[in-house]
Amino acid sequence: MRNFLAFCFGDPNAPPEVSDAYRTRQFQEIAKQLPLSALGTYVIVVISILIAFQTHQHIGVIVVCCLLQLVIGTANLLVWRHFRWRAATPQNVARRSCWWLSADLGAGAFLYGVITLCLFDALDANGRAILTGTVASVIGIGAWMFSPLPLAGLLWSFLFCTVVGVGIATVYWQDYGILAGLLVFYGIFLVSGVLLSSRRFVAGLMAETEINRQRQLVSLLLRDFEENASDWLWETDATGVLRHASVHLAQAAGESPGALVGRNFLELLRALTPAPISEQKAVLEPLTALLKEGAPFRAAVVPVWVQGQMRWWSLTGKPQFDSLGDFAGWRGVGSDVTTAHLHHLEMTQLANFDPLTGLANRHQFQQQLASFFPADGTIQPCTLFLLDLDNFKTVNDSLGHIAGDELLREVAGRLRAAANGRGLVARLGGDEFAWLLPGNLPRTSIEESHQKLRQMLSEPWLHQDYSIAMHGSVGVSFSPADASAAADLMRCCDMALYAAKAAGRDALCYFDPVMEAQAKQKLGLLSDMRESLEAGDFRVYYQPQIDLDNGTISGFEALVRWQHPKRGLVPPSEFIALAEDSGFIVPLGAWVLTQACHDANAWPLTLRVAVNVSAVQIERADMFETTLATLQRTGLSAGRLELELTESSLMRDADSVQSLLRSLRAKGVRVALDDFGTGYSSLSYLRSFPMDKLKIDRSFVSILDEANSNGGATAIVQAIVQLARTLQLETTAEGVETQAQRETLSQIGCTFGQGYLLAHPMASEQVIPFIERWTGERVASMADLSTPTPVDMPR
Ligand code: C2E
Ligand code: CA
Ligand code: CA
């Protein structure tokens with residue numbers, strides 16, 4: 001019963017507002033139809049009275065019932081009017097009103113039942129048939145009309161059918177028993193029909209309530225979103241005109257919400273886009289296309305210029321359609337993504353460009369290069385240039401990193417100018433640049449470009465008090481002629497660059513397959529070297545250094561030799577550079593140092609051993625420790641060891657080399673500057689680097705011969721010796737081959753001499769016999785002293 005009542009008059013378990021709303025809607029649904037039912041009542045009343053007066057039967061009962069019906073019908077009209085009046089200020093209908101309305105309709109049904117029975121009695125067979133049909137329709141229509149309020153519908157159907165059915169069954173059981181039975185069935189059908197229909201009505205109400213609830217929730221959320229979120233909503237009609245502009249959208253556009261509504265959205269964006277018309281089109285083209293296409297889109301980024309500031313908006317949009325499926329406009333969300341977009345731009349810039357020079361970086365270059373070699377195997381021809389500055393390291397080391405950076409920027413600018421917008425210019429790292437061009441450039445054009453580049457680079461760059469002209473080596477390779485893969489083309493170009501560097505300043509070299517063979521050979525040599533060091537195939541030879549004043553031996557220079565298992569004795573000129581490039585010089589140099597210290601330990605205590613040290617070794621952080629440890633291990637006193645360094649070693653990292661040399665000298669190790677005269681021969685080096693000796697390069701000594709000497713050479717060597725003496729440095733002349741050279745050097749005041757005239761480098765076991773034989777000879781007869789064994793090789 002409780003459930004039934006809940007069903008009839010809203011759910012009492014439901015929140016009051018829901019229950020009240022249901023009841024009100026049920027009441028309203030019936031109240032709407034009351035004028036129609038009142039009209040029906042009046043018609044029926046008139047017809048019934050007419051029939052009563054014509055047949056002269058049951059007039060009293062019919063008239064009373066009809067009058068009562070008129071009262072009910074009129075009351076219903078008043079209820080309807082009352083409801084209409086109240087509808088302006090909607091209020092919930094009380095439960096009581098529903099009870100009254102149901103009772104009222106039930107009473108009407110009862111009276112109709114009585115009137116029907118009276119008329120049935122008064123009419124003939126034909127009249128009864130018409131009456132039965134009419135009554136059945138009236139009951140059916142009423143049941144359907146009143147079903148939204150189940151109690152009303154049920155009372156109506158039940159009372160009407162019961163009164164008529166029971167009446168007919170009682171009075172006319174014989175003749176109309178079947179009709180009475182049919183009426184009972186009809187009543188049962190109507191009752192279940194009413195129940196079903198009212199259930200549907202309530203279900204509809206529930207669905208409607210849920211939709212309303214959701215709609216309210218959505219609008220609540222939207223309002224909250226518009227008020228609190230930084231994002232904003234945009235909505236246009238089918239013509240693209242803004243229908244709604246939230247405060248946030250207005251703020252973002254720098255306008256008032258009122259000024260935005262009614263404006264075409266795309267026009268608004270166009271007005272806010274900073275670029276000139278042509279570019280503006282390009283910027284907004286993707287968005288225009290998306291809007292035209294009518295497909296939903298996400299995160300379309302557009303630049304806008306708002307109140308003197310460049311901003312970036314991200315727009316998301318979805319087309320809207322009306323109930324007929326016709327396009328009704330756009331709705332979407334927009335947000336200001338300026339910070340994120342600028343961050344993204346910055347990341348892209350960092351990922352693709354070299355921050356120092358602004359040129360493309362290695363990453364972008366590699367991507368561009370790879371695009372010439374698509375995965376489908378169709379190679380797009382291209383030309384690759386690699387440029388390496390010849391003298392950058394010197395500038396960087398001597399003027400400092402800041403000047404080096406400035407110089408790189410300057411070179412980048414000149415390269416860009418030389419490329420003149422053709423191809424991609426990139427900085428691959430350090431002082432290495434690349435220029436990648438589509439197609440295979442003819443050699444004449446390459447040489448023209450190279451000439452132009454040389455000119456541009458050689459134009460002096462003024463930095464503080466310095467005027468610096470740059471030089472660069474260039475390697476060139478072509479695809480597909482040289483390589484059919486990006487990495488291979490790069491390798492070929494590297495080999496060409498290597499060859500160009502070897503060829504000397506400002507050279508240009510094309511890749512040649514021979515280079516590849518040489519590179520392979522070098523690789524083979526390198527692995528052989530590693531094996532040989534382990535197998536003990538390296539030897540140290542010693543060349544004496546003689547005091548030019550009294551002819552005594554001051555020491556020996558250690559010179560490495562490679563006893564290759566297949567190639568025989570390999571001279572240093574063939575493997576030292578490779579060992580230096582590959583870093584193999586570090587273990588090899590350490591081995592030479594150990595060997596030399598070990599061998600020298602067996603010599604008379606007055607003799608020193610000079611060991612050549614490469615720049616790569618000097619750069620190692622453990623050079624100091626390695627040297628001291630070697631001395632300790634071999635037992636040689638530090639004062640008997642002399643390290644020979646070239647100028648290039650000093651120039652790497654001036655400060656750390658200086659402190660290394662200072663520490664070594666503090667321990668007693670001597671330092672000699674090798675090959676003096678071939679490098680920069682800078683006076684400032686001689687002054688600032690702690691050292692003990694200058695070794696005058698063979699090239700100066702060789703021109704001291706009487707026959708060749710023009711006096712100039714002697715003057716140069718004399719100046720060097722003089723300079724060394726001023727700086728309190730000893731001097732050793734390298735490559736003394738003739739007696740004349742020796743005599744000149746002696747006259748000039750050069751301290752020591754070393755060369756084939758005095759002795760060729762010799763194996764370790766020949767040193768002691770050599771020393772023994774040597775001490776028995778005088779300086780004058782030095783030339784007669786035959787070399788113990790002809791072990792030296794041509795340089
Ligand atoms: P370097 O330090 O200038 O060594 C002197 C070179 O001149 C030696 O060549 C020596 O054999 C050669 N020589 C000596 N007297 C004469 C002469 O009268 N006439 C001519 N034409 N040459 C003479 P070598 O042994 O072939 O060494 C070549 C270079 O290889 C060395 O030049 C040095 O730079 C490097 N080297 C040799 N051994 C080592 C080593 O153990 N470590 C390092 N880092 N470099 C080494
Ligand atoms: Ca040397
Ligand atoms: Ca030398």
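Hi everyone. Among the elements of this protein, helix 1, at residues 2-8, has the lowest mean pLDDT, 61, while strand 16, at residues 608-612, has the highest, 98. I start there since what we have is a predicted model. Across the protein the pLDDT averages 87, and 92% of the residues score at least 70. One stretch to keep an eye on is residues 776-795, where the pLDDT is below 50; in the model this stretch still has 35 contacts beyond near neighbours in sequence. Where pLDDT is low, the predicted coordinates should not be read in detail.

In what order do the strands of the open sheet of 5 strands lie? The order is 2-1-5-4-3, and the pairing is antiparallel. Strand 2 (242-245) and strand 3 (297-306) sit at the edges with a single partner strand each, so one side of each has no neighbour in the sheet. On average, neighbouring strands here are turned by 30° against each other, ignoring direction.

Strand 3 pairs with strand 4, residues 309-321, in the antiparallel sense, over 8 bridges.

Helix 11, residues 265-272, touches strand 1 (232-236), strand 2, strand 3 and strand 4, and its direction makes about 45° with that of strand 3. Helix 13, residues 338-352, touches strand 3, strand 4 and strand 5 (327-336); the direction of helix 13 makes about 110° with that of strand 4.

Next stop, strand 11. Is strand 11, residues 472-479, largely enclosed or left open? Here 8 of the 8 residues are buried, so strand 11 is largely enclosed by the rest of the structure. Both faces are covered: Gly472, Val474, Val476 and Phe478 are buried on one side, and Ser473, Gly475, Ser477 and Ser479 on the other.

Who are the partners of strand 11? Strand 6, residues 382-389, pairs with strand 11 in the antiparallel sense over 8 bridges, and leucine 387 stands opposite valine 474. Strand 12, residues 508-510, runs parallel to strand 11 and is joined to it by 3 bridges. There, glycine 475 has cysteine 509 as its bridge partner. Together with helix 18, residues 486-503, strand 11 and strand 12 make a left-handed β-α-β unit.

Finally, the calcium ions. Which residues coordinate the calcium ion that is ligand 2? They are Glu557, Asn612, Glu644 and Asp674, at 2.1 to 2.3 Å. In sequence these donor residues are spaced E-x54-N-x31-E-x29-D. Glutamate 557 lies in strand 14 (residues 553-564) and glutamate 644 in strand 17 (residues 641-645), 87 residues apart, so to speak linking distant parts of the chain.

The calcium ion that is ligand 3 is coordinated by Asp674, Asp675 and Glu734, at 1.9 to 2.6 Å. The donors of ligand 3 follow the spacing D-D-x58-E along the chain. Aspartate 674 is in strand 18 (residues 670-676), and glutamate 734 is in the loop between strand 20 (730-733) and helix 29 (739-748), 60 residues apart. Aspartate 674 and glutamate 734 are buried too.

How far apart are the two calcium ions, ligand 2 and ligand 3? They are 3.9 Å apart, and aspartate 674 coordinates both.

How values were computed
Residues are numbered from 1 along each chain as its sequence is written. Chains are lettered from A and ligands numbered from 1 in the order in which they are written. This is a predicted model: local features need pLDDT of at least 70, side-chain atom pairs count only at pLDDT 80 or more; totals for chains, interfaces and linings use all residues. Side-chain values use heavy atoms; hydrogens and water are left out. Two strands pair if DSSP finds at least two bridges between them. Helices (H or I, at least four residues) and strands (E, at least two) are DSSP runs, numbered from the N terminus. Axes are lines fitted to C-alpha atoms, for helices over the stretch in contact, and angles run from 0 to 180 degrees between N-to-C directions. Contact means heavy atoms within 4.5 Å. Donors are N, O and S atoms within 2.8 Å of the metal (3.2 Å for Na, K and Ca); water is not among the atoms, so sites may look incomplete. pLDDT is the predictor's confidence in each residue, from 0 to 100. Buried means under 20% relative accessible area, exposed over 50%, partly exposed in between (1.4 Å probe, protein chains only). A crossover is right-handed if, with the strands pointing away from the viewer, the path from the first strand over the helix to the second runs clockwise.
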